[in-house]
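Open the model in your viewer and keep the sequence panel beside it. This tour tells you what to select at each stop.

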Amino acid sequence: MNAVLSQPLDAGPTPLSALRPGESGIVVGVGSPGAVTPLERRLIELGFVNGERVEILAEARPGRDPFVVRVGQTTLALRRREVQAVWIEVPPP
């Protein structure tokens, strides 16, 4: 079951770090406009591309770092600064 982000859907793109375990969204971008940083390039190479489904599977306690994330069919553990660089939209239920 996909949970819905508690933030209003019309808020626009949201950082992946705002999701809680069990919540999912669609990748709309990585990083900010301009030159691509090495971190952003790595995330794109790992599969964080526009239109790809992404889900938070788990997060460490305390501190929510690292996150366990599924992008497409790949499961990864990522640090907070990495998931903050991924922008998603939550599709309507």
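Start with the whole chain in cartoon view. Along the sequence, the elements follow the pattern β-β-α-β-β-β-α-β. That comes to two helices and six strands. Keep in mind that this is a predicted model. The protein has 93 residues, and 33% of them count as buried. Its accessible surface is about 5400 Å², with 54% belonging to carbon and sulfur atoms. Now think about contacts between residues at least 6 apart in sequence: 58% of these join residues at least 24 apart.

**Stop 1: the sheet**

Select the six strands. They form an open sheet in the order β1-β6-β2-β3-β4-β5, with antiparallel pairing. Which strands lie at the edges? Colour β1 (14-15) and β5 (74-78): each pairs on one side only. In general, strands of a sheet pair through backbone hydrogen bonds.

**Stop 2: strand β4 and its partners**

Zoom in on β4, residues 67-71. On one side, β4 pairs with β5 in the antiparallel sense over five bridges. On the other pairing, β3 and β4 also run antiparallel, over five bridges. Pick V54 to see a facing pair: it stands opposite V71 in β4.

Next, follow the chain from β4 into β5. The two strands form a hairpin with two residues between them. Select G72 in the turn; its phi is positive, about 60 degrees.

Show the side chains of β4. In a regular strand, side chains alternate between the two faces of the sheet. Here F67, V69 and V71 make up the covered face. V68 and R70 make up the uncovered one.

**Stop 3: V68**

Stay in β4 and select V68. Is V68 buried or partly exposed? Its relative accessible area is 27%, so V68 counts as partly exposed; buried would mean under 20%. V68 stands opposite A77 in β5. Beyond four places in sequence, V68 touches E55, I56, L57, A58, T75, L76 and A77. Draw a distance from V68 to E55: the two are 13 residues apart in sequence and 8.7 Å apart in space, C-alpha to C-alpha.

**Stop 4: the nonpolar core**

The largest nonpolar core has 18 residues. Select L16, F48, V54, V69 and I88, which have the most contacts inside it. β2, β3, β4, β5 and β6 each supply at least two residues of this core. The largest share, three residues, comes from β4.

Now centre on F48. What does F48 contact, leaving aside neighbours within four places in sequence? Its partners are L16, V27, V30, L43, V54, V69, V71, L76, L78 and V86.

**Stop 5: E59**

Finish in strand β3, residues 53-59, by selecting E59. E59 counts as buried because its relative accessibility is 12%, and the cut-off for buried is under 20%. Show R61 as well: a polar contact of 3.1 Å joins the side chains of E59 and R61. Then display the residues that E59 touches, not counting those up to four places away in sequence. They are L19, R20, P21, R64, P66 and F67.

Note on methods. Residues numbered from 1 in each chain as written. Predicted model: local features only at pLDDT ≥ 70, side-chain atom pairs only at ≥ 80, totals over all residues. Heavy atoms only, no water. Pairing = 2+ DSSP bridges. Helix = DSSP H or I, 4+ residues; strand = E, 2+ residues; numbered from the N terminus. Buried < 20%, exposed > 50% of the residue type's maximum accessible area, 1.4 Å probe, protein only. Polar contact = N/O pair within 3.5 Å; in protein donor to acceptor, adjacent residues only side chain to side chain. Contact = heavy atoms within 4.5 Å. Areas by Shrake-Rupley, 256 points an atom, 1.4 Å probe, with all protein chains shown as cover. Core = buried A, V, L, I, M, F, W, Y, C linked by side-chain atoms within 4.5 Å.
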